[in-house]
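I opened the model to look up a few things. My notes are below the display.

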2 protein chains.
Amino acid sequence: MSSIIDVANAAGLSTATVSRALRTPEKVTEATRARVMAAVEAVDYRPNLLARNLRSDRSFSVLVLVPGIANPFFANVTAGIESIAWRRGYSVFLGDTRDSRDREAHYEQLVETRLADGVIQLSPDYGFNARQRAASYPIVHACGCELTQAPSVRIDNAGAAREMVEHLIAAGHRRIATISGPPANPHAVDRMKGYRTALDAAGIVFDPALVRFGDWTMGSGHAAASEFLALPQRPTALFSMNDEMAIGAIQAATASALRVPHDMAITGFDDISFAAHSTPSLTTIAQPAEAMGAKACEILIDRIEGKSADDTVHVLPHALIVRQSSAAI
Amino acid sequence: MSSIIDVANAAGLSTATVSRALRTPEKVTEATRARVMAAVEAVDYRPNLLARNLRSDRSFSVLVLVPGIANPFFANVTAGIESIAWRRGYSVFLGDTRDSRDREAHYEQLVETRLADGVIQLSPDYGFNARQRAASYPIVHACGCELTQAPSVRIDNAGAAREMVEHLIAAGHRRIATISGPPANPHAVDRMKGYRTALDAAGIVFDPALVRFGDWTMGSGHAAASEFLALPQRPTALFSMNDEMAIGAIQAATASALRVPHDMAITGFDDISFAAHSTPSLTTIAQPAEAMGAKACEILIDRIEGKSADDTVHVLPHALIVRQSSAAI
DNA sequence: GCTGGTCATGTAATCCATTACATTATTCGC
DNA sequence: GCGAATAATGTAATGGATTACATGACCAGC
């Protein structure tokens with residue numbers, strides 16, 4: 001309610017001096033500072049940040065574009081973003097795009113209308129219009145794919161997928177199915193590449209019948225796994241490209257009275273918290289979700305503040321986490 | 001970059017007319033509107049919302065205070081909030097409090113400094129200082145407990161817990177343990193009430209040895225369940241006050257070679273998406289998480305806009321979802 | 001004691017969109 | 001065809017904080 005003018009009046013000073021006392025105390029006498037502080041208390045002053053931001057043409061907030069906040073992986077990345085934003089004095093706008101271009105475009109208005117200083121994009125970008133957008137305001141990708149331009153953060157999806165499949169091959173598997181994400185999804189594309197690389201390296205012929213495309217949900221994993229179970233020659237291992245679909249697959253296998261991993265090994269990707277506690281616990285690839293969000297946020301804020309124009313692709317380390325669902329056959 | 005002045009110049013009109021053409025088109029000639037639109041295109045104008053908001057002393061954004069966005073239940077509530085905010089033209093600030101009073105207080109500055117118009121609180125409030133806060137700015141609780149004042153949204157936690165325990169009793173259980181949340185947590189308190197009510201009604205003596213307090217995480221559920229399994233006289237059923245701890249408990253039971261539900265029934269609370277896909281699938285209480293968030297957001301925005309001063313406690317319906325983990329013994 | 005410099009503070013412009021009030025143009029009634 | 005009413009547009013104040021520039025106080029040096 002009360003403005004800087006009220007403080008100035010209460011302190012018998014000008015608004016300029018009050019502003020200086022609050023924002024650049026070293027430019028003001030010790031005595032003045034004390035008078036201002038007392039006046040601030042007296043009139044219960046809170047600066048109107050809309051006014052400050054208008055003047056400085058900065059909003060000290062960042063927009064997070066997330067395909068779905070209900071997805072635990074993205075929620076973790078978002079948590080990492082929030083922790084850095086908090087530390088550096090920024091607020092976080094949550095832009096849940098629900099995979100809609102329309103919503104995404106709408107949310108970008110927040111930056112164009114000055115309500116946000118930059119964007120962290122969690123959807124992997126195909127790269128087609130990224131250049132154009134990068135020009136108009138700071139944007140950092142937190143969950144990039146191989147085609148995502150800098151500045152961005154990602155893991156080596158292809159390499160991680162390859163490791164996982166090599167792990168299964170090392171355990172003696174030859175018929176290794178995969179549940180991919182949507183065919184055009186960049187993460188799915190990268191991981192598929194790793195899957196095939198590992199097969200090739202082991203001299204295993206790629207079999208399209210052992211590939212199904214899900215939509216990252218447990219339900220789609222369940223459905224895909226059911227189809228594999230119905231094959232005349234069942235795969236002995238199943239590489240799911242995320243943990244949710246793997247959990248759905250475990251459920252399907254268990255429902256068919258198969259034992260995981262003895263009858264079929266099942267592995268996931270992401271290492272969401274549920275992976276460690278599923279029954280059986282899930283072998284998966286740990287992505288440093290929070291660190292990815294945090295790193296992306298650091299890069300974004302550095303850019304916003306002109307501290308550094310980091311223009312590299314940060315590839316953070318992943319880790320193969322072997323648990324019960326892939327124990328050796 | 002370009003401001004309303006640039007548009008005015010390009011169109012040969014005053015800024016007032018441009019503003020009217022854009023915000024209250026009916027006050028302006030068809031021809032003028034067209035000229036303005038053309039000029040807007042020509043100079044690539046985007047209104048500076050900081051300026052608009054300063055003038056109107058409104059920010060068209062709401063702050064969501066969430067104890068932890070990585071928790072799927074809260075993520076779902078948040079998704080519900082976001083969908084309504086979006087529909088009504090508001091943005092959502094994500095305030096992850098990590099259960100810290102300090103962080104919460106800091107985030108409340110967003111409202112006091114005019115960057116947000118109101119708050120949706122997901123932590124259940126004990127009610128002690130809610131009155132005071134309610135006076136200074138609009139605040140709505142989305143996940144209330146029995147003590148939470150209006151305006152708020154909640155389910156009947158005690159009633160739901162009672163139903164769940166009655167369900168277990170009906171299945172023949174008499175030794176029913178519970179994994180509570182932290183002792184002082186309002187949801188845990190309410191649900192504990194329901195647990196005891198059901199026991200009382202069935203003439204089962206409450207046994208403190210059958211109560212453990214977790215912190216809502218799967219790990220704590222695992223630990224609590226392990227302790228129950230070590231009891232000389234093992235409980236035959238286990239009511240966990242959220243799904244995560246129930247999933248941890250299932251894991252612990254399975255690891256001890258117990259079969260769920262045959263050797264021990266285990267039930268949860270919340271019906272997060274993983275409940276339907278755990279192995280065995282989890283009997284739980286479905287909370288309308290998205291609807292709770294959505295309702296709270298509607299109430300908040302109505303208050304902000306002065307449309308209605310809904311000052312009631314909305315108790316949304318829950319549902320007992322019986323799945324495999326509690327099949328009759 | 002005067003000049004020049006430093007420091008603290010004040011005055012007023014600024015950021016940009018909105019809107020009360022003023023002005024001009026148009027239309028209607030008779 | 002003229003005054004009144006209405007519609008369209010313009011002028012300038014407004015919101016609140018920041019900051020360039022101006023002013024005044026004070027001190028050092030000579």
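I am working from a predicted model: local features need pLDDT of at least 70, side-chain atom pairs count only at pLDDT 80 or more, and totals for chains, interfaces and linings use all residues. Residues are numbered from 1 along each chain as its sequence is written, and chains are lettered from A and ligands numbered from 1 in the order in which they are written.

**Chain A.** I found 12 helices and 12 strands (DSSP runs: H or I of at least four residues, E of at least two, numbered from the N terminus). Buried residues make up 53% of the 329 (buried: 20 or more other C-beta atoms, placed from the backbone, within 10 Å of the residue's own). The C-alpha box is roughly 90 × 40 × 30 Å along the principal axes.

**Strand β2(A).** β2(A) pairs with β1(A), residues 61-66, in the parallel sense over 6 bridges (pairing needs at least two DSSP bridges). Leu94(A) is the bridge partner of Val64(A).

**DNA strand D.** Which residues come nearest? Of the 28 around DNA strand D, they are Ser3(A), Ile4(A), Ala16(A), Ala16(B) and Thr17(B) (near: C-beta, placed from the backbone, within 6 Å). α2(A) gives the most to this surface, with 6 residues. Elements giving two or more include α4 (49-56) of chain A and α4 (49-56) of chain B.

Note on methods:
Buried ≥ 20, exposed ≤ 12 C-beta atoms within 10 Å, placed from the backbone.
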